[in-house]
Amino acid sequence: MAGGRSPAPRRAAFAALVTLLFLACVFFFLSATTVTTSAPNSPTARLAAVRRHAEDHAAVLAAYTAHARRLSVDSASQTESFLSTSSRLSALASRLTFSTVALLEKEARGHVKRARALAAGAKEAFDTQSKILKLSDTIFAVGQQLLRARRDGQLNSRIAAVSTPKSLHCLAMRLMETLLANASSAAVPHAVVPPPPELTDPSLYHYAIFSDNILAVSVVVASAARAASEPSRHVFHVVTAPMYLPAFRVWFARSPPPLGAHVQLLTAADFPSINASSSPVLRQVEDGNRDVALRELDYLRFYLPEMFPALTRVVLLEDDVVVQRDLAEMWRLDMGGKANAALHTCFGGFRRYGRYLNFSHPAVQEKFQPRACAWSYGVNVFDLLAWRRDQCTQQFHRLMEMNENGTLWDAASVLPAGLMTFYGNTAPLDKSWHVMGLGYNPHIRPEDIGGAAVVHFNGNLKPWLDVAFNQYKQLWTKYVDTDMEFLTLCNFGL
């Protein structure tokens with residue numbers, strides 16, 4: 001019996017031990033819970049929490065205040081509310097101590113509640129304003145990129161416009177090849193040969209052409225000579241780039257100007273007085289001004305009196321014109337004492353000075369009128385006596401120096417420089433002397449073209465290019481010397 005009762009006390013002792021362990025765990029858990037739940041209510045925790053809430057909401061409202069100030073004046077009242085509440089919260093946070101937390105906690109909660117309400121009420125509007133500002137910044141950045149792209153495109157267009165097409169480059173190279181192949185027979189003697197008297201005779205009809213396009217110049221010379229009643233009295237002064245001068249010489253040696261007309265081939269090097277020390281154009285080219293460098297040959301037209309000191313009147317022809325009528329009458333035009341005669345191109349509000357000059361510049365505003373009538377290059381009569389009298393070259397120099405950074409006009413175009421140099425000093429030519437637009441306008445009336453002394457292929461569709469208008473191309477091609485074998489070798493589509 002004694003052996004049967006022995007397990008019961010052991011089970012009771014084990015149960016008592018488990019009960020004690022369970023009670024100990026419950027007591028520990030309750031103690032931990034009490035400590036955990038009571039910790040936030042300690043003076044230190046309460047002080048830290050109230051101070052943190054006050055400082056955080058003060059910072060939020062300070063940020064909203066700064067944002068509101070960047071907005072319109074309609075946000076002035078909001079700005080004041082944000083600023084006052086933020087200041088109160090900051091001041092309250094600085095006053096919180098162990099001894100004052102109980103007294104100030106209620107006040108702090110009130111200010112925090114107000115801060116939350118202000119921030120919530122303004123958040124949507126401010127988010128919208130932030131998006132608008134960000135969108136405005138993006139639009140501005142895209143606008144700047146577009147502006148840069150347009151400038152790059154304009155520069156590329158200028159380079160393409162003044163670059164030599166493959167066929168014209170081929171022609172120059174073929175002519176140079178011929179010159180080199182016959183170098184011994186074409187050797188230039190060392191003796192200085194005086195120019196023929198016709199080149200400086202002021203009683204003859206003198207033209208100036210600035211170009212490095214051999215074929216185009218040959219058409220200008222041939223068309224003007226064939227249209228003249230006295231071709232031997234017409235003298236053409238061709239100014240080209242030094243690298244093209246030998247090719248020009250070969251062309252006119254193999255295909256002389258027709259009917260006894262005279263041609264003089266020149267470069268800027270033939271005029272030693274026009275140099276970088278005396279000419280802003282050449283100085284800016286040496287200084288790396290790309291726009292002026294691309295148009296260096298065109299800017300030399302402003303030195304006609306210095307180039308031809310013995311002459312009194314010169315007709316300037318562009319290389320993209322065809323002469324259809326005798327131009328000798330231009331030397332008898334009454335220019336009213338003006339230095340320049342040109343076709344005026346202002347029809348209504350079209351092509352006036354405001355289109356070409358920067359009238360936001362004070363120097364332009366002071367001297368020029370935006371509604372003044374512009375004129376065109378292509379066919380110009382220059383009275384060199386009036387030019388010298390009015391010191392037009394000196395005026396051009398002053399303008400070029402002022403425009404070194406392109407602030408007065410776009411330096412890639414010579415027309416604005418001419419408009420300013422000859423402002424109030426340009427006589428109008430009758431429209432029958434000069435019909436423009438054959439390089440961009442397919443709708444010119446045939447009777448206007450037929451009655452014009454000169455037709456002008458201004459625009460990008462030049463007659464020596466495949467893209468030229470077919471209805472106008474024959475006006476130009478009939479003056480091309482098709483017997484020149486190099487034209488076929490260089491794939492001219494004539």
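This note covers the disulfides, one further cysteine and the cavity of a predicted model.

1. Basis. The model is predicted: local features need pLDDT of at least 70 and side-chain atom pairs count only at pLDDT 80 or more, while totals for chains, interfaces and linings use all residues. Residues are numbered from 1 along each chain as its sequence is written, and side-chain values use heavy atoms, with hydrogens and water left out.

2. Disulfide count. Two disulfides are found in a search of the whole structure, a disulfide being a pair of cysteine sulfur atoms within 2.5 Å. With the bonded cysteines of the chain numbered in sequence order, the pairing reads 1-4, 2-3.

3. Cys170 and Cys490. These two cysteines are joined with an S to S distance of 2.1 Å. The pair links distant parts of the chain, 320 residues apart: Cys170 lies in helix H6 (residues 166–181) and Cys490 in the segment after helix H20 (486–489). Helices (H or I, at least four residues) and strands (E, at least two) are DSSP runs, numbered from the N terminus. The torsion about the S-S bond is about -75°, so this disulfide is left-handed. Cys170 and Cys490 are both buried; buried means under 20% relative accessible area, exposed over 50%, and partly exposed in between (1.4 Å probe, protein chains only).

4. Cys346 and Cys373. The S to S distance here is 1.7 Å. Cys346 sits in the loop between strand S6 (340–342) and helix H13 (353–356), and Cys373 in the loop between H14 and strand S7 (379–383), 27 residues apart. This link is left-handed, with -100° about the S-S bond. Cys346 has 19% relative accessibility and therefore counts as buried; Cys373 has 22% and therefore counts as partly exposed.

5. Cys392. This residue is buried, with a relative accessible area of 2%.

6. Cavity. The count is one cavity of 30 Å³ or more, and the largest cavity has a volume of about 30 Å³. A cavity is a set of points on a 1 Å grid over the protein atoms alone where a 1.4 Å probe fits but cannot get out; lining residues have an atom within 4 Å of a point. Grid points are joined across faces, edges and corners, and the volume is the space filled by probe spheres set on the points.

7. Lining. The largest cavity is lined by Ala363, Val364, Lys367, Phe368, Leu399, Met402, Leu408 and Met420. Helix H14 (362–367) and helix H16 (392–402) each supply at least two lining residues, and H14 gives the largest share, three residues. By class, the lining holds seven nonpolar residues, no polar and one charged. Nonpolar covers Ala, Val, Leu, Ile, Met, Phe, Trp, Tyr, Cys and Pro; charged covers Asp, Glu, Lys and Arg; the others, Gly among them, count as polar.

How values were computed. On a 1 Å grid over the protein atoms alone, a cavity is a set of points where a 1.4 Å probe fits but cannot get out, and a pocket is an open set with protein on both sides within 12 Å along at least five of seven lines; lining residues have an atom within 4 Å of a point.
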